[in-house]
Amino acid sequence: MSATRRQEIRKNLDWVTLGLYFLLVLIGWTAIYSANFDPDHQAIFDFKADHGKQLIWMGICTFIALVLLNTEGEFFIRFSVISYVSVLVLLILVLIIGKKVGGARSWFGVGSFGIQPSEFAKTTTALMLAWFIAQTGPRFKALSTRIQAALVIGIPAGLILLQPDAGTVLVFAGLVFALYREGLSGNILIVGFGAIILAIVAILSGATTVEYPGFGEQSGIYVMLFVLVILGALIFFGVRSFTLPRYRRKNYRIVALSLAGALAFSFAVNFGIEEILQPHQRERIYVLFGMNENPDADYNIRHAKAAIGSGGWTGKGYLNGPMTRYKFVPEQHTDFIFCTIGEEWGFFGSMFVVALFIALILRVIHLAERQRSQFSRVYGYSVASILFMHLLINVGMVLGIAPVIGIPLPFFSYGGSSLMGFTILLMIMLRLDGERFSVFR
Amino acid sequence: MNLGNRRYIITGIFLLFGVIFIARLFSLQVATDDWRAKAAELTEEKVKIYPSRGLIYDRNGELLVANRAIYDLMATPRKVAPFDTVAFCDLIKMDVEDFEESFNKAKRYSRYKASVIKKQIDPEDFARIAEQLHKYPGFYGQTRTVRNYTRGIGAHVLGDFAEAGPKDIERNSYYMPGDYIGKGGIERTYEEELRGRKGAKYVLVDVRNNVQESFDGGRLDTAAVQGKDLTITLEADLQAYAEKLMQNKLGSVVAIEPKTGEILALVSAPGWDPNLLVGSQRGTNYAQLQGDSLKPLYTRAIQGQYRPGSIFKMVQSLIALQDGKITPATRITCNRGIIGCHGAHSYDDLEGAIMHSCNPYFHQVMKRMVEQGEEDSRFKDAQIGLNAWKEKIHRFGFGTDLNSDIPRILKGNVPGSSYYDNIYGELSWAYSTIYSISIGEGELLINPLQMANLSAIIANRGYYYPPHVIKSVGTDGKPEQFLEPVSTGVDEQHFETVVNAMQKVVDTPGGTARRARIEGIEVCGKTGTVQNDPLPDHSVFIAFAPKDDPQIAVSVYVEWSGFGGTWAAPIASLLIEQYLNDSIANPAKEQRILDAEFLGP
Ligand SMILES: [Zn+2]
């Protein structure tokens, strides 16, 4: 690489993103230190303790970042397919020879450190998706291309579902934002949103019992289905009264299909929860809606909420939160790391961290939009979507507005694979952005 | 459609969730204190510090009630690892079913906080359990303080120290479930002094409920205030001796020091060893006492409602003398047509009438007090006369609780006009209807403490101190209410005849209480025999001694034992002798009492 080119890239490097990255990693580390704090062993460089190990990982990640920022963007493009396929192989291997941790077969053990291929699958899938869409270009409008794009996401997601790791699968589902940006119909967002609402209503009504005249006590789901039919009928008559005759036939079809879909979906959700889910999974969903029968089932989430909620406006002060220090919150240094912020830094601190994340994600979208190459743009949107889904699921969980799904908070949660995965994910984008003026793809 | 605009939709969606999170944070952290309270409930704990309970000494400084350690077996459900229930129950000697019920209850109460699994394990048993306890994580022993009664005497006076019941907790917010409280006797009266005040330490605990550090630097902590020791008026040796004499009998003995009102001994028979109600056997033993047909839990000495019989004639004499209705020289014919009498006499003066317990004499004395001739109607006259009489009787402490510090005294019954109105109707009764109270029979009811107090009044020639058991609270001395003498309203000079008659009852050959004689001590006494025709009579005797410098006043009541002079008098005399001489000159007299058994009609 020539010296001028290196200078140019340094000049064009987005220091804002890099700054946000380091800020989040550093705040994350202080939170891990607090979660593991032991007044008798305060050494920061205690490499047996989690916060010490995380320091090592941070060093490794800084090195990786330097390497990636000095790697030609062309390399990532060429590397997309190979890396994607390699990680697929790893995902298959991990199902066979992986270590089972917490019920999921997702780890390769390497000494005392473990590696989680699914953390890297996010990056490789994003690269592959960008490569594929950039290859097809305008042909992305064709249904067959779209199905192929869905497969690019679906194959690794399917393998991860087998581990099973539902959280990461949901993250993959977030890539739909990138597809939407590239031309996928907006209806998919509407349908997705509608489905979430239908699912919630189906869960709530399915868990209640209603006295039906003549049929005795039955699930409330029938009331919901009945209401849906009435709604469908109302819309049907609305269409007949207010639309022009030539559009009616088409609209009738849409109403009929939507109604059938909604009924089938609601029923499927209800059936799935009652008949397919394991009792402990069902309980997690019930916990979310406060309908759990076992008072111990929502123990994690109650403690998480108590830790955060007790922070007040300004928090109890760093290293001064008893919920954090005395291990009331499970998985405090990994999935529930946000509780530490909530308890010790209060509303202001928590809001600041949420704002930092949103700022980083929006900055990545900003970077994506200024790319001349479609590859870089799709990749940028993928990065933003992945970060967003992690934030949504993780913080949503600790705040008690999403079900308990184990998934790390990017840059914050303790864990080498996770930090390395997100670092690679983000640094590739920074490198691509840095050379945006010198490429015409 | 320009796809570039979709950037704003996506940005909008992302921002929307950011806002939702911040709103949610606001609702959790700022809008409500619920979560702060929840966190406090989880992490902060109030550790109670129990001060040690005050000890109790007798009047000579002998330790009567001490403290000893006992253990509650506790469990913190969250820390309990799977274990062999049968082996564990075998170790702690508990039914598997009882254990499971108890353990499930603990789990329902809290997974983090400890609950009691088995209460009051004696130290010897606990030592055996403690050896094995390391195999059962989550279980541990908590030390509790219970009472140890060094002499095993005075159960009715000392009372009981046991776990506070729901009513105690409801009445007084100081007590929490699991706290102990004084339940009877002086443990109850002096509960606040004995217990002191528990302190509190506020600490932070971890998720395993282990204490980590003091909360807020210990600024909220309060120190425990130690309980005060009590010195009581009982004399342990006399009490023990009285209990021994009352073995196999039903009744009571009360001994009072007249010049102070201090209770030297108070026995209610049958009694029990107070140590029976301490420790693991408490429940079983209590049930046994409750089921006992001889009713040991019923404190006859303060709750017995007895007709006083002849000893009441002295009260009648004294108030009649004070009223001027009679003089010591007043003679009255023993007219046995109205009311029966015993012995050979026909026209006694007051001293003779007391000595012979002449019923017609006192029938006439009371008639003079009740029928004062102030009204033409003999009904109205009796009404006024009886109420005036009742007031005077009250001043002797009858019909009152004597302001004693012994709880749960039953006051007895001194009938007034309203009492007879209820039975016969207003103005439908005259003296001729109610005369049996004149000789201590009929509707008149008093308790043995009041009888002993009567003896103290006569010994003092006219006044008494409220009989009490407290001698000193800590080093503060006696509460003031026990330092003020209470006057009966009868002047000292009127006691001369009564006291002389009482001495003669004991000393003259043929006196009804010859068995109360003690060589070298002038004992004054009066027998009573309460008729239970056709069942055996109750035997009553009150006495004090020595005559001119009374040190002790006694009442003895032995149910179903017959004539007062035969059983009650010698018991009283043995007590007086033991108290004044510290020894018994005539072992045969003592043996006769120890051998006697009166456990029912
Ligand atoms: Zn007579």
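On a 1 Å grid over the protein atoms alone, a pocket is an open set of points with protein on both sides within 12 Å along at least five of seven lines, and its lining residues have an atom within 4 Å of a point. The second largest pocket here is lined by 50 residues, and those nearest its centre are K48(B), Y50(B), Q142(B), R144(B) and P177(B). It holds about 1,900 Å³ of space, a volume being the space filled by probe spheres set on the grid points, which are joined across faces, edges and corners.

Before we go further, please note that this is a predicted model, in which local features need pLDDT of at least 70 and side-chain atom pairs count only at pLDDT 80 or more, while totals for chains, interfaces and linings use all residues. Residues are numbered from 1 along each chain as its sequence is written, chains are lettered from A in the order in which they are written, and side-chain values use heavy atoms, without hydrogens and water.

Back at the pocket, the lining divides into 20 nonpolar, 12 polar and 18 charged residues. Here Ala, Val, Leu, Ile, Met, Phe, Trp, Tyr, Cys and Pro count as nonpolar, Asp, Glu, Lys and Arg as charged, and the others, Gly among them, as polar. Elements of chain B that each supply at least two lining residues include strand 1 (44–49), strand 3 (63–75), helix 4 (96–109) and strand 5 (139–149). Helices (H or I, at least four residues) and strands (E, at least two) are DSSP runs, numbered from the N terminus.

Now turn to where the chains meet. The contact (heavy atoms within 4.5 Å) takes 36 residues from chain B and 52 residues from chain A. The buried area, meaning the accessible area (1.4 Å probe) that two parts lose on being put together, summed over both, is about 3,900 Å², and carbon and sulfur atoms give 74% of it. F14(B), F21(B) and Q29(B) supply 19% of the area that chain B buries against chain A, more than any other three residues.

Which helix of chain B gives the most to the side that touches chain A? Helix 1 does, with 18 residues. That side of chain B divides into 21 nonpolar, 6 polar and 9 charged residues.

Finally, look at the backbone. Most peptide bonds are trans. The bond from Q163(A) to P164(A) is cis, with omega near -5 degrees, and P164(A) sits in the loop between helix 6 (143–161) and helix 7 (166–173) of chain A. Another cis bond runs from A545(B) to P546(B), with omega near -15 degrees.

Terms used
1 Å grid on protein atoms, 1.4 Å probe; cavity = no way out; pocket = protein on both sides within 12 Å on 5 of 7 lines; lining within 4 Å.
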